[in-house]
Amino acid sequence: MGRILAIDYGKKRSGIAVSDILQLIANGLTTVPTHTLLDFVLSYVSNERVDRIIVGLPKQMNNELSDNMKNIEPFVRSLKKRLPDIPVEFVDERFTSVLAHRTMIDAGLKKKDRQNKGLVDEISATIILQSYLESRRFSKL
C-alpha cells in the first residue's frame with residue numbers, strides 16, 4: 001500500500017500533506033513555491049509509492065468554484081499527463097484555512113507563528129487529507 005499525497009494549491013505557495021503507508025493518518029509534509037510544485041510532486045513520487053493524489057477544490061460559500069480554479073486546472077492536467085497511473089481527486093477545501101488557524105491556536109502557537117502562511121498552507125493540506133481519509137473510512141462502514 002502506498003501513501004496518499006494532498007495538495008492545498010495556492011497562487012504563491014502550496015501546502016503538501018501525506019498519509020502514512022496504511023492510509024490512516026495525515027501528516028503535514030512541507031510548503032513549496034507553487035511554480036516548483038509539479039517538480040516537487042514528480043520527485044516525491046519517484047522516491048515514495050503514492051497511490052492517489054488529492055487536490056483541494058476551492059469552492060465559495062455559494063458552492064461556486066473560486067477564481068483560483070483557473071490556476072489549479074492546468075496544474076492537475078499536467079499532473080495527470082505526467083503521472084497517468086496515479087488517480088487525482090478533488091476534495092472540497094472550504095473552511096480549511098479557518099480550521100488551520102483554529103488548530104494553531106489550540107496547539108498554543110504564538111501569534112507570530114500563526115502568521116506563518118506557509119505553515120497555514122501545510123496544515124490546510126493536512127486537514128484536506130485527513131477529511132478525505134475519514135470520509136473514505138466512514139463510507140466503508
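The protein has 5 helices and 5 strands, and what you have here is a predicted model. Reading from the N terminus, the elements go β-β-β-α-β-α-β-α-α-α. Of the 141 residues, 42% count as buried. Take the contacts with a separation of 6 or more, and 60% of them are between residues 24 or more positions apart. The accessible surface is about 8,200 Å², with 53% of that belonging to carbon and sulfur atoms.

**Nonpolar cores**

- The largest nonpolar core has 24 residues, and Val41 and Ile53 have the most contacts inside it.
- Strands E1 (3–8), E2 (13–19) and E4 (50–57) each give two or more residues to this core, and so do helices H1 (37–47) and H2 (69–82).
- H1 puts in the largest share of the core, at 6 residues.
- Once you set aside neighbours within four places in sequence, Val41 is in contact with Leu5, Ile7, Ile53, Leu79 and Leu83.
- There's another core lying apart from that one, with 11 residues, including Ala17, Ala26, Ala125 and Ile128.
- As background, nonpolar side chains in soluble globular proteins tend to be buried together.

**Aromatic pairs**

- The count of aromatic pairs comes to 2.
- One of them is Tyr9 with Phe75: the ring centres are 5.3 Å apart and the planes sit at 40°, so this pair is tilted.
- Tyr9 is in the loop between E1 and E2 while Phe75 belongs to helix H2, so the pair ties together parts that are 66 residues apart in sequence.
- Tyr9 and Phe75 are both buried.
- Then there's Phe40 with Tyr44, where the centres are 6.4 Å apart and the planes are at 20°, so that pair is stacked.
- Phe40 and Tyr44 are both in helix H1, and because they are 4 residues apart, about one helical turn separates them.
- Phe40 counts as partly exposed because its relative accessibility is 24%.
- Tyr44 has 13% relative accessibility, so this residue counts as buried.

**Salt bridges**

- The count of salt bridges comes to 4; among them are Arg13 with Asp121, Arg49 with Asp51 and Glu89 with Arg52.
- In the bridge between Arg13 and Asp121, the closest N and O atoms are 2.7 Å apart.
- That pair links distant parts of the chain, with Arg13 in strand E2 and Asp121 in helix H5, 108 residues apart.
- For Arg49 and Asp51, the N to O distance in the salt bridge is 3.4 Å.
- Arg49 counts as exposed because its relative accessibility is 54%, whereas Asp51 counts as partly exposed because its value is 24%.
- Glu89 and Arg52 have their closest N and O atoms 2.5 Å apart.
- This pair also links distant parts of the chain: Glu89 is in strand E5 (residues 88–92) and Arg52 is in strand E4, 37 residues apart.
- Glu89 counts as partly exposed because its relative accessibility is 26%.
- Arg52 is partly exposed too, with a relative accessible area of 23%.
- As a general point, side chains of opposite charge can pair when their charged atoms come close.

- Glu122 lies in helix H5, which covers residues 117–139.
- Although Glu122 is buried, it has no salt bridge.
- What is the nearest side chain of opposite charge to Glu122? That's Arg13, which is 10.0 Å away; Arg13 has its salt bridge with Asp121 instead.
- Leaving out residues up to four places away in sequence, Glu122 touches Gly15, Ile16, Gly28, Leu29, Thr30 and Thr31.

Conventions
Residues numbered from 1 in each chain as written. Predicted model: local features only at pLDDT ≥ 70, side-chain atom pairs only at ≥ 80, totals over all residues. Heavy atoms only, no water. Core = buried A, V, L, I, M, F, W, Y, C linked by side-chain atoms within 4.5 Å. Buried < 20%, exposed > 50% of the residue type's maximum accessible area, 1.4 Å probe, protein only. Contact = heavy atoms within 4.5 Å. Phe/Tyr/Trp six-rings, centres within 6.5 Å; stacked < 30°, edge-to-face > 60°. Lys, Arg positive; Asp, Glu negative; His and termini not counted. Areas by Shrake-Rupley, 256 points an atom, 1.4 Å probe, with all protein chains shown as cover.
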